[in-house]
Amino acid sequence: MQQALAQAQAAAARDEVPVGAVLVNDSGELIAAGHNQPISASDPSAHAEIVVLRAAGQKLANYRLPGTTLYVTLEPCVMCVGALVHARVARLVYGASEPKTGAIESAQRLFETGSFNHRPEITAGVLADECAALMSRFFENRRSEKKSG
């Protein structure tokens, strides 16, 4: 999760919402790392999770990513949950919950529907305070810039 936090800090430095993600294999070896970039890429689907899944698929030449763990600093949204399911990611570990758009435990509880043909093992709240603090600082800075600008 520390590597995902570093990715989130890289996103913030680029004035993107600070969400970072990394994907590792069963041995803990890094497959791909990335961060939010919908603004800089002019791509509404360029969430950290999607960026990482795309990079991993290209690296492994496979759209399925079994035996992998995705670490992400923020609870995934509906789009990202769908991508995790289609990629068959084995495990999801995330930091802070996302009350407005989170699709695991917050705004939506997608895996509670029983409708998916794949469900990753889920661990929530890893370094949650650090992940949430990074988001809070980012949006506080944005609000301050708007007031002074």
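Start with helix H3: its buried residues pack against H2, E3 and E4. The model is predicted, so local features need pLDDT of at least 70 and side-chain atom pairs count only at pLDDT 80 or more, while totals for chains, interfaces and linings use all residues. Residues are numbered from 1 along each chain as its sequence is written, and side-chain values use heavy atoms, with hydrogens and water left out.

**Exercise 1.** Work out which pattern the helices and strands of the protein chain follow along the sequence.

*Solution.* 
- Count the elements: the protein chain has four helices and five strands. Both are DSSP runs, numbered from the N terminus: helices are H or I with at least four residues, strands are E with at least two.
- Now read along the sequence, and you get α-β-β-α-β-α-β-β-α.
- Check the overall build: the radius of gyration is 15 Å, close to the 15 Å that the globule rule gives for 149 residues, so the chain is as compact as a globular protein of that length. (That radius is taken over C-alpha atoms, and the rule is 2.2 Å times the number of residues to the power 0.38.)

**Exercise 2.** In what order do the five strands sit in the sheet, and which strands stand at its edges?

*Solution.* 
- The order in this open sheet is E2-E1-E3-E4-E5, with mixed pairing. Two strands pair if DSSP finds at least two bridges between them.
- E2 (30–35) and E5 (121–124) are the edge strands; each has a single partner strand, so one side of each is left without a neighbour in the sheet.
- Zoom in on one pair: E3 (residues 68–74) and E4 (residues 91–96) run parallel over five bridges. There, Thr69 has Arg91 in E4 as its bridge partner.

**Exercise 3.** Find which strands helix H2 touches and which strands helix H4 lies across.

*Solution.* 
- H2 (residues 48–60) packs on the sheet and touches E1 (20–25), E2 and E3. Contact here means heavy atoms within 4.5 Å.
- The direction of H2 makes about 145 degrees with that of E2. For such angles, axes are lines fitted to C-alpha atoms (for helices, over the stretch in contact), and the values run from 0 to 180 degrees between N-to-C directions.
- H4 (residues 128–148) lies across E3 and E4, at about 60 degrees to E4.

**Exercise 4.** Which residues of H3 are buried?

*Solution.* 
- In H3 (residues 78–87), the buried ones are Cys80, Val81, Ala83, Leu84, Val85 and Ala87.

**Exercise 5.** Does His35 count as buried or exposed, and what about Ser106?

*Solution.* 
- His35 is in strand E2. At 10% relative accessibility, His35 counts as buried.
- Leaving out residues up to four places away in sequence, His35 touches several residues, including Gln7, Arg14, Val19 and Val51.
- Ser106 is in the loop between E4 and E5. At 26% relative accessibility, Ser106 counts as partly exposed.
- Outside four places in sequence, Ser106 is in contact with Glu75, Ser97, Glu98 and Pro99.
- The side chains of Ser106 and Glu75 are joined by a polar contact of 2.5 Å. (A polar contact is a pair of N or O atoms within 3.5 Å; within protein, one must be able to donate a hydrogen and the other to accept it, and residues adjacent in sequence count only if both atoms are side-chain atoms.)

Technical notes: Buried means under 20% relative accessible area, exposed over 50%, partly exposed in between (1.4 Å probe, protein chains only).
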